[in-house]
Amino acid sequence: MRQAKRIGEVVETAGNQASLGSHPMRVEAGTSDLAHRRPQRLTATEAAVKPWSGQPRSVQARLHGFLAAAVLSEAGRGVSFLFLPVAMGAGAGLFYMAAADPGLTALVCGFAATLLLAIFISERHIGIARAAGFAAALFAGAIAAGVEQQSGAVLLDQDVTTRITGIVEAREFDAGGRVRYLIGLESTADPQLGRPPERIRLVARAPHHPLPVGSAISGRARLSAPSGPVMPGGYDYAFRAFIDGIGAHGFFYQAPETAAPLAEPASPLRLQAFRLGLRAVREHISARIRSVLPGDPGGIAAALAVNDRRGISAATVDALRATGLAHILAISGLHMALAAGTLYILIRKILATVPALVEAWPVKKIAAIGALLAATAYLMISGGSVSTRRAWVMLVIMLIAVLADRPALTMRNVALAAMLIILLTPSAVAGPGFQMSFAATAALISAYAVLATRKRERRSGPPGLLAGSAPGRVIILVAKAVLGLAITSLVAGLATGLFSAHHFHRVAGNGLLANLLAMPLVTFVVMPAGLLALLLMPFGLDAWPLRLMGKGLEGVIAAARYVEGLGGDIVVGQIPLQATVMAGSGLVVVMFLRSRLRLGGIVLIGLGAVLALPAVRGVGPDILISEDGNLVALAGPGGLASNAARPGEFVFRQWQAALRQPQHVTPVSYKSATSQTVGEAEILDQLLASAVTAQSRFHCAGRGICAAIHRQARIIAINDAALIGAACDRADLVVVAIPVYMRTCRSGASLITSRGLRRSGSLAISIRQPPSHSTTTPDPSGKPRARPDFRIVAALQGVIRPWTIQRYYDWRSRSYDLPQ
């Protein structure tokens, strides 16, 4: 052993001398054989890091040495593990973005091949092994998405009026007194649906005694199919409904009735009773909170307690969104951590009052177990939404780390939580909640790690002027608290602002100020009082903590409205996906790496910001058409002009934000043109003649007959099949909001029908200047005019997935009319 140790010391000393440029290696006689076997052997990385000083170094060699040293430093920190959830999330995202279903068999084979390659080549080439490991993680994310897809819901294929019978699974009450039921559908009649969804959500507007959870319900209702993206590149709401298991939504025409008892449910009786019991508890808690706290404070309190946000007014929701405070409406990691953390501290303080107990039992671990149980109860009572499950998984991993005497809040724990969530609910990676939550958490851990390092470096310095006195310590404590809150809000706002801009087309410019004003109330008043109210509610002692919680929420609402009055709500428009991916990749590099390689992340963020600039991403579309054809909008110099005086806010407000067109240009109404003495062709001629004088604005004769001239293109929007021929002869673009079998106009005009929109989804159309060889069409004066070219982009063209397949279903033949 001593001889072997001596050999190792001699070889190591000789290697160090060689790396410093000394004379060739010399060893003692007893080690000459070993020296001949390993003369100055250096790995590629060591050769790059410790080159011979006697040789001139080129720029390429210096760059290689820098990269090798940085990679070696990051590999020593185990940073590869942090990128595994990134690869898994990319796999899940690519799976759901595909136009057709990737085969699960091929994905499993790819996963097995890359995993075996990573295992067997790890000893020979670690670089290839890590690349294969990332590829295996990507396949794993795609496989998880494929498994999740198989349990998705059946979506309604088209809007229909029918009589439904089902079981009330949950109910919610909004501020207007309406009841929204979540119903497990059992049967339909008059007509009977060929593809009935399993669960539907219906609103009952008529006054009635609300039916309890678990009771049978029936009534005539209007069912609507889940809508797709409101415009190409937008969020697909049908995909979310598919994952959530809700196949249709709508409303009852009259008050619903209690139906006869239904057959035994397919699920086990105890499990069904447990679920219904939980929903009844949620409903009781929400009703109790609203009875003590009416108005918006009660609605927000119910949202924080049981994830019931229906009682919050639209004005308050807009104020919270405009100021970056909308995150308090969702039960996220912040609320879960505040609730469990408050109970954790409370248990530790109570147990610490008994010295014998502290000496005999691990008080910290007991408190962690109590916080874990409380977090689990919070998860079950709140309904278990995606954001709540994500927060629960993160908190469980951190509490388990406390039980194992390991650091709770580390980047590895966050990465492990992300991997578990991707495996359980891979669809979450496509939503803003997952992206913003993990971006904020990882950014905060990374930022505070840097601050902690600098704090340790400055700890050896002299104390400050205020450190000695008691008032000085109080001032320092308050200053640190304010500074910590400011840093937290700033870092989290910057990390989540990227995804907020992509999904919501807006950024809260004064979000830092709003969080500085509101978050102390949420942290020290709202959440502790809410936790105490939930603990005391079974004993009927929850009134005073609920009122305290309401006072805190009143302060939060006041802060949001004050900051909203200052302005700062920046509408950035629709951000291209490639810009978000580029900037998001840079954010990941900056958060995960510690060497100078993180400068590359800053470069990527800069490139993403450049791609998001209006001058680089290009001009937006000129015309937008909703997926049912009833709403058409023109992006003109005066704002966004629509063919409806009061368009639906759900679609139109998203169009306004995406195109940065806050002004709504209402259509010009011509009642005289609707006279029965005027022919159909004359009506269109009058509207087009009027449109010449006021372009980029719709001119309408009654409901459903509109015309406009926009960028030299004539657009006619109608909902009458008798007008299609005349419209095709006079317009360049005809939009028909009814399902007809015509696909083209004989005149050469572009024809858009409701039947075609059902498959393609919403459309974004750009108008190009007509070339000289284009076909011509006469204008109102009879002069020939070149027809413009349209570049049409569809939201779902060619996408055939389980959440779009219903668009190809023919209820007459009860089969799918899929494209060849």
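So, helix α10: Asp 296, Pro 297, Gly 298, Gly 299, Ile 300, Ala 301, Ala 302, Ala 303, Leu 304, Ala 305 and Val 306 are buried there, where buried means under 20% relative accessible area, exposed over 50%, and partly exposed in between, with a 1.4 Å probe and protein chains only. That makes eleven of the twelve residues of α10 buried, so the helix is largely enclosed by the rest of the structure. Helices here are DSSP runs of H or I with at least four residues, strands are runs of E with at least two, and both are numbered from the N terminus.

Quick word on the model: it's predicted, with local features needing pLDDT of at least 70 and side-chain atom pairs counting only at pLDDT 80 or more, while totals for chains, interfaces and linings use all residues. Residues are numbered from 1 along each chain as its sequence is written, and side-chain values use heavy atoms, leaving out hydrogens and water.

Back to α10, residues 295-306. From first C-alpha to last, α10 reaches 16 Å, close to the 16 Å expected at 1.5 Å a residue; that expected span is 1.5 Å times one less than the number of residues. Just after α10, Asn 307 has a positive phi of about 65°.

Now, the cores. A nonpolar core is a set of buried Ala, Val, Leu, Ile, Met, Phe, Trp, Tyr and Cys residues joined through side-chain atoms within 4.5 Å. The largest one has 49 residues, and Tyr 96, Leu 155, Phe 434, Phe 438 and Phe 592 touch the most other members. Which helix gives the most to this core? That's α16, with eight residues.

Let's zoom in on Phe 438. Leaving aside residues up to four places away in sequence, Phe 438 touches Arg 390, Met 394, Val 414, Ala 417, Ala 418 and Ile 421, contact being heavy atoms within 4.5 Å.

Last stop, strand β10, residues 632-636. Why call β10 largely enclosed? Because five of its five residues are buried. On one side you've got Val 632, Leu 634 and Gly 636, on the other Ala 633 and Ala 635. Two strands count as paired if DSSP finds at least two bridges between them. β9 joins β10 through three bridges, running antiparallel, and Leu 624 has Ala 633 as its bridge partner. β11 joins β10 through four, also antiparallel, and there Leu 634 partners Ala 641. The β10 and β11 hairpin has two residues between its strands.
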